[in-house]
Each structure stands twice: as structure tokens, then as C-alpha cells.
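Keep the model open as you read.

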Amino acid sequence: MQKTDFTQMTHQQLFDWINSKIASGEMSFDESSTFVSMTVSMPVDGSSLAPNGTQKVDFMQSVRSGMERALQTNDTDLFARLQTALQTMQRFQGEVRGVNITV
């Protein structure tokens, strides 16, 4: 059985989770935008890096760090979007999302 764990998830697993929530109607495309931005690594210089497919990321901690930065820069819009994303993660953390069946 596979459970959703935002504290140990690859970028691809997060992307797949987002797509499954959109497909099931549990998340709107607009609601997914903050999550989609987390699936892409963007260094400070603005160049794009392809995320490592095997590297596990603590996305919940990343969101908390982003919220701290948003507070420091008075970016209330970003803070609100990240806060909503964190609440969504907390709601779905531990949710069963797949069962491995071996014959």
C-alpha cells in the first residue's frame, strides 16, 4: 500500500499526485498552480534545472520556508497561497493513494 507522504516525495511523485487530484475533481487547475511550481527546481539565478527523479524532498518544509520568506518580504499573496498549499498537504498527508498488487 502506498501512502501520500509530502515529507519524502520526489518531484515526479508530487506531479503525479497533483494530476490525480485534478483528474478526480478534488483539486481545481487554479488550486494546483502553487503545487506545480514546486515540481520545478528554479535556482536563484532564474535558470531552470530538471528535478532529479530519485531525490526525495520534504515539500512541507519547503512550503514552511517559503512562508517565512514571504513574511520577511511582506508578500501577503505568496504567503496566502503557500498557507493554503500547506493546509492541503496536511489534509492529504498519509492518504492511501495506491495498492501494489502482485500476482
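Q: In which helix does S32 lie?
A: This is a predicted model, in which local features need pLDDT of at least 70, side-chain atom pairs count only at pLDDT 80 or more, and totals for chains, interfaces and linings use all residues. Residues are numbered from 1 along each chain as its sequence is written, and side-chain values use heavy atoms, without hydrogens and water. Helices are DSSP runs of H or I with at least four residues, numbered from the N terminus. S32 falls within residues 29–38, which is helix α2.

Q: Is S32 buried or exposed?
A: Buried means under 20% relative accessible area, exposed over 50%, and partly exposed in between (1.4 Å probe, protein chains only). The relative accessible area of S32 is 1%, so S32 is buried.

Q: Which residues is S32 in contact with, leaving aside its neighbours within four places in sequence?
A: Contact means heavy atoms within 4.5 Å. With those neighbours left aside, the partners of S32 are I18, I22 and M27.

Q: Which element gives the most to the lining of the largest pocket?
A: On a 1 Å grid over the protein atoms alone, a pocket is an open set of points where a 1.4 Å probe fits, with protein on both sides within 12 Å along at least five of seven lines; lining residues have an atom within 4 Å of a point. The largest pocket is lined by 13 residues, with M38, S62, G66, R69 and L82 nearest its centre. Elements giving two or more residues to this lining are α2, α3 and α4. The one that gives the most, with five residues, is α3.

Q: Which element gives the most to the lining of the second largest pocket?
A: This pocket is lined by 13 residues, and M27, E31, F35, T84 and T88 are the closest to its centre. The one that gives the most, with six residues, is α4.
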